[in-house]
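Please have the structure open as you read.

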Amino acid sequence: MAKTSLLRNKTLIVGCGRLGSSIANKESLAGKNVLVVDKNPSAFELLSDRFSGYTFSGDVTDLALLEEASIGSTKEIIIATGDDNVNIFIAHVASQIYSVPNIYVRLDDPSLEILLRGLVNVHPIFPFELSIDKFKLLRGGNR
Amino acid sequence: MKIVIAGGDHAADYIIKNFNKRTNKLIIINPDKEIVKTLTKNHRIPVFYGDPYKKEILETANVKGCDLFIALGYKDTDNFVACQLAKKVFNAKKCICIVSNPKNVEIFRTLGVDSVISSTYLLASSVVNESSLENLAKSMSFDNDKIVMTEIVVKDNYAISNKMIMEINFPKTGTISCIYRKPSVIIPNGKTLIRPGDSMYIVSAVKDQKDIISFIRTEKY
């Protein structure tokens, strides 16, 4: 673990699903230091062969694991587990306890945005709203 | 009081039984169909079926402005979000939630949940409490461990025994709220005599507890 704590300029990704893993692959290919955590070790199969970052598996809502993944010194965190409630909790922890400078969090339910208001450095991403926008754009172009 | 009970099975059942009085308005929300059935049958009150961490469900159940919101779900993060919603969106006056990971007690409090209960955490602190029984000091804390009530039994060899309270120069950081001398409870004043065998109940801030205990335990020269 001594090695990872030396990596100051790194990206922490919580949840290795389709979004998490593809960001991890891209960032790693671009030469960035990437750490990925997921509760399920088989989720790391989504990482490409050229991924050269670190992986941690365990309960992502347990602060011990996040600390092992050095959340306290990370430059940015991308929170993309499949559970909105877990994502919101980790966003609160990252912002209020560890003061992570850049926090990106994916939420399926747009009505939960209100729970992130007032938190510093938190940027929510709503796939639902993005799809609606894209739909409007596409249909608008066809008419 | 308007009380919302969100999730839980046996815990929900027990709390409903205790609070189901005319003076209370209970709102019960549960995500499990079987539990909804049982609760409705046992207590003859309406139960909302749905996830208590969803805004629409809380809206339908009309939890707005409730006095107490109790989250009893299985997942800590679900309870956290339910409490946050209750507080931020529906102006709940007080939120209580249970957690299964005892480490979350401190974290949830830091993040703004009023009261967090973990059975493991309680078990651990009661083990500590029982083991300090030998030292004849028991304590109980209030308001997120800021205020503490200490129970100490006075022994014959203590400097304060057989003295009046006005004589002992009791630390200003604590108050002797009552003294239990079988079979009666005494509300002390300066002239109350402290006798060996008395149980003293002292209220203080947690940080001053140690000093007060060592003051009381000071032995006679």
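Asn162(B) is another residue, not a glycine, with a positive phi, here near 60 degrees. Asn162(B) belongs to the loop that links strand E8 (147–153) to strand E9 (163–164) of chain B, and at 44% relative accessibility it counts as partly exposed. For background, most residues other than glycine have a negative phi, and most peptide bonds are trans.

| Residue | Phi | Relative accessibility |
|---|---|---|
| Asn162(B) | near 60 degrees | 44% |

Where in chain B is there a cis peptide bond? It joins Lys182(B) and Pro183(B), with omega at about 0 degrees. Pro183(B) is found in the loop between strand E10 (174–181) and strand E11 (184–186) of chain B.

Now for the strands of chain B. Strand E2 (residues 25–30) is mostly covered, as five of its six residues are buried. Strand E1 (residues 2–6) pairs with E2(B) in the parallel sense over five bridges, and Lys2(B) stands opposite Lys25(B) in E2(B). Together with helix H1 (residues 10–19) of chain B, E1(B) and E2(B) make a right-handed β-α-β unit. E2(B) also pairs with E3(B), in the parallel sense over three bridges, and there Ile29(B) stands opposite Phe48(B). From E2(B) the chain passes through H2(B) to E3(B), and this β-α-β crossover is right-handed.

Over in chain A, is Thr81(A) buried or exposed? Thr81(A) counts as buried, at 11% relative accessibility, although it lies in the loop between strand E4 (76–79) and helix H4 (84–97). Beyond its neighbours within four places in sequence, its contacts are Val14(A), Gly15(A), Val60(A), Val86(A), Asn87(A) and Arg106(A). Val14(A) is 67 residues away along the chain, yet the C-alpha atoms of Thr81(A) and Val14(A) are separated by 6.4 Å.

Finally, a word on confidence. Chain A has a mean pLDDT of 90, and 92% of its residues reach 70 or more. Over residues 1–7 of chain A, however, pLDDT stays under 50. Where pLDDT is low, the predicted coordinates should not be read in detail.

Conventions
Residues are numbered from 1 along each chain as its sequence is written. Chains are lettered from A and ligands numbered from 1 in the order in which they are written. This is a predicted model: local features need pLDDT of at least 70, side-chain atom pairs count only at pLDDT 80 or more; totals for chains, interfaces and linings use all residues. Side-chain values use heavy atoms; hydrogens and water are left out. pLDDT is the predictor's confidence in each residue, from 0 to 100. Contact means heavy atoms within 4.5 Å. Helices (H or I, at least four residues) and strands (E, at least two) are DSSP runs, numbered from the N terminus. Buried means under 20% relative accessible area, exposed over 50%, partly exposed in between (1.4 Å probe, protein chains only). Two strands pair if DSSP finds at least two bridges between them. A crossover is right-handed if, with the strands pointing away from the viewer, the path from the first strand over the helix to the second runs clockwise.
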